[in-house]
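Here is a friendly briefing on one protein chain, meant to be read with the model open beside you. Take a moment to turn the model around before you start.

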Amino acid sequence: MAKPLSRLTRFTRSLLFPFAFASACAAPGTPAAASPKPTGASLTESSVASSKGGKKLLTVPEARKYMLALINRDRATQKLPPVELDEGPAQAAGQRHAEDMARNGFLGHWGTDGSVPEQRYSEAGGTDYVQENALCFTDQRTRTLDDRPMIEAEALERSEAMFFNEVPPNDGHRKNILKPHHKKVGIGVAQPRGTETELAVPCFAQEFLDPYGTYAPLPKKAKVGTMVRVEGDILAPATFGGIGVARIPAPKPITVADLNTRRTYPIPNPYQMYWPPGFRTPIPVRVDGKHFSIDVPLSDGGKPGLYEVSVWARIPSSPDFIMVSLRTLRVE
């Protein structure tokens with residue numbers, strides 16, 4: 001028997017619709033002030049690959065590990081567990097975005113091809129939910145990337161400090177770093193070639209993950225009105241909540257000037273939620289222990305676009321239902 005609508009309303013209001021955040025950094029060729037050396041890092045001065053002019057330099061793999069150490073140092077200040085380095089889809093998505101920003105001189109969460117974080121993550125093969133921090137310069141100049149960059153450790157320290165030292169109400173990066181339910185992070189690192197007149201400045205993307213389930217594949221493309229099966233297993237300690245479907249316009253190229261005006265990316269709200277039996281729902285989600293499945297139509301009023309399929313769950317560290325999977329597919 002369906003539960004009262006008032007309970008459904010309270011349930012819906014408890015869903016968390018998050019944002020992704022971006023921040024500016026020093027323009028290329030403009031040295032930034034030094035920041036204090038962090039403690040608790042896994043890379044020490046003796047393990048740095050090389051140095052130049054007294055500056056500690058890291059390869060990209062070393063830079064990722066060092067940034068991970070900085071992130072976990074900051075999480076430890078709030079007694080939060082460390083996150084692990086994801087070297088799969090999250091890293092690939094972050095690298096794609098960091099290279100795009102560094103090559104074109106912009107900062108934001110949309111790419112020059114119109115892509116958004118969850119789309120880049122899905123296209124890299126990701127199935128969980130990703131939340132992105134990004135940092136780059138914004139002079140809108142096209143540059144050639146260094147295919148073997150050496151990254152100053154100090155640049156990583158400054159960048160993480162910019163994120164973590166934010167103060168309310170403009171503290172989205174800090175909040176993202178400190179979310180208790182994050183388990184992994186993929187890190188993108190890109191840097192243009194330095195020249196005689198310009199210092200090389202790196203750009204970064206942090207892609208935080210909440211892996212609380214395993215999910216059957218979705219098609220990459222579909223026709224409007226197609227029924228698709230959303231199926232998977234929610235892993236303890238999480239418990240299944242519901243399925244959402246959202247739609248945004250199909251991605252198209254965006255000018256760099258426009259990209260530099262976009263700082264905050266809101267994750268789109270579902271136009272339709274589907275619940276287990278007992279809630280008012282157009283189609284009930286079949287739930288058997290940790291397993292769930294449902295066949296849902298891809299039609300937001302018959303409109304094409306980039307459709308986003310989300311899985312929601314409750315975890316012990318959050319009183320609300322949170323998104324634990326967000327995948328995209330093109331619907332024509």
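Let's start at one residue: Pro297 lies in strand S16. Strands here are DSSP runs of E with at least two residues, while helices are runs of H or I with at least four, and both are numbered from the N terminus. This is a predicted model, in which local features need pLDDT of at least 70 and side-chain atom pairs count only at pLDDT 80 or more, whereas totals for chains, interfaces and linings use all residues. Residues are numbered from 1 along each chain as its sequence is written, and side-chain values use heavy atoms, with hydrogens and water left out.

**Around Pro297**

- Pro297 is partly exposed, with a relative accessible area of 26%.
- Which residues touch Pro297, leaving aside its neighbours within four places in sequence? They are Thr226, Met227, Tyr271, Tyr274 and Ile283, where contact means heavy atoms within 4.5 Å.
- Pro297 and Met227 are 70 residues apart in sequence, yet their C-alpha atoms lie 4.3 Å apart in space.

**The whole chain**

- The chain has 7 helices and 18 strands.
- Of its 332 residues, 53% are buried.
- Take the contacts between residues at least 6 apart in sequence: 76% of them join residues at least 24 apart.
- The chain exposes about 15000 Å², and carbon and sulfur atoms supply 54% of that area. Accessible areas come from the Shrake-Rupley method with a 1.4 Å probe, and for residues only the protein chains shown count as cover.

**The sheet that holds strand S16**

- Four strands form an open sheet in the order S9-S11-S16-S15, with antiparallel pairing. Two strands pair if DSSP finds at least two bridges between them.
- The edge strands are S9 (213–215) and S15 (286–288), and each of these pairs on one side only.
- On average, neighbouring strands of this sheet are turned by 20° against each other, direction ignored. The axes behind such angles are lines fitted to C-alpha atoms, for helices over the stretch in contact, and angles run from 0 to 180 degrees between N-to-C directions.
- S15 and S16 (residues 291–297) run antiparallel and are joined by 3 bridges.
- Asp288 has His291 in S16 as its bridge partner.

**Aromatic rings**

- A pair of aromatic rings is described by the distance of the centres and the angle of the planes. Rings of Phe, Tyr and Trp (its six-membered ring) pair if their centres lie within 6.5 Å; planes under 30 degrees apart count as stacked, over 60 as edge-to-face, and the rest as tilted.
- By this rule there are 5 aromatic pairs.
- Why is the pair of Tyr215 and Phe292 called tilted? Their ring centres are 6.4 Å apart and their planes are at 55°, so the pair falls into that class.
- Tyr215 lies in strand S9 and Phe292 in strand S16, so this pair ties together parts that are 77 residues apart in sequence.
- Tyr215 counts as buried at 11% relative accessibility, and Phe292 is buried at 0%.
- Trp275 and Phe279 form a tilted pair, with 6.1 Å from centre to centre and 45° between the planes. Trp275 is buried at 2%, and Phe279 is buried at 15%.
- Ring pairs also link Tyr215, Phe240 and Phe292 into a cluster.

**Charges over rings**

- The charged end of Arg174 sits over the ring of Phe164, 4.4 Å from the ring centre. For this, NZ of Lys or CZ of Arg must be within 6 Å of the ring centre and within 35 degrees of the ring normal.
- The charged end of Arg314 sits over the ring of Phe321, 4.0 Å from the ring centre.

**Backbone details in the loops**

- The peptide bond from Pro168 to Pro169 is cis, with omega near 5°. Pro169 is in the loop between helix H5 (153–164) and helix H6 (172–177).
- Ala236 and Pro237 are joined by a cis peptide bond with omega about 10°. Pro237 is in the loop between strand S11 (227–234) and strand S12 (239–248).
- Lys79, a residue other than glycine, has a positive phi near 60°. Lys79 is in the loop between helix H2 (60–76) and strand S4 (84–85), and counts as exposed at 77% relative accessibility.

Methods:
Buried < 20%, exposed > 50% of the residue type's maximum accessible area, 1.4 Å probe, protein only.
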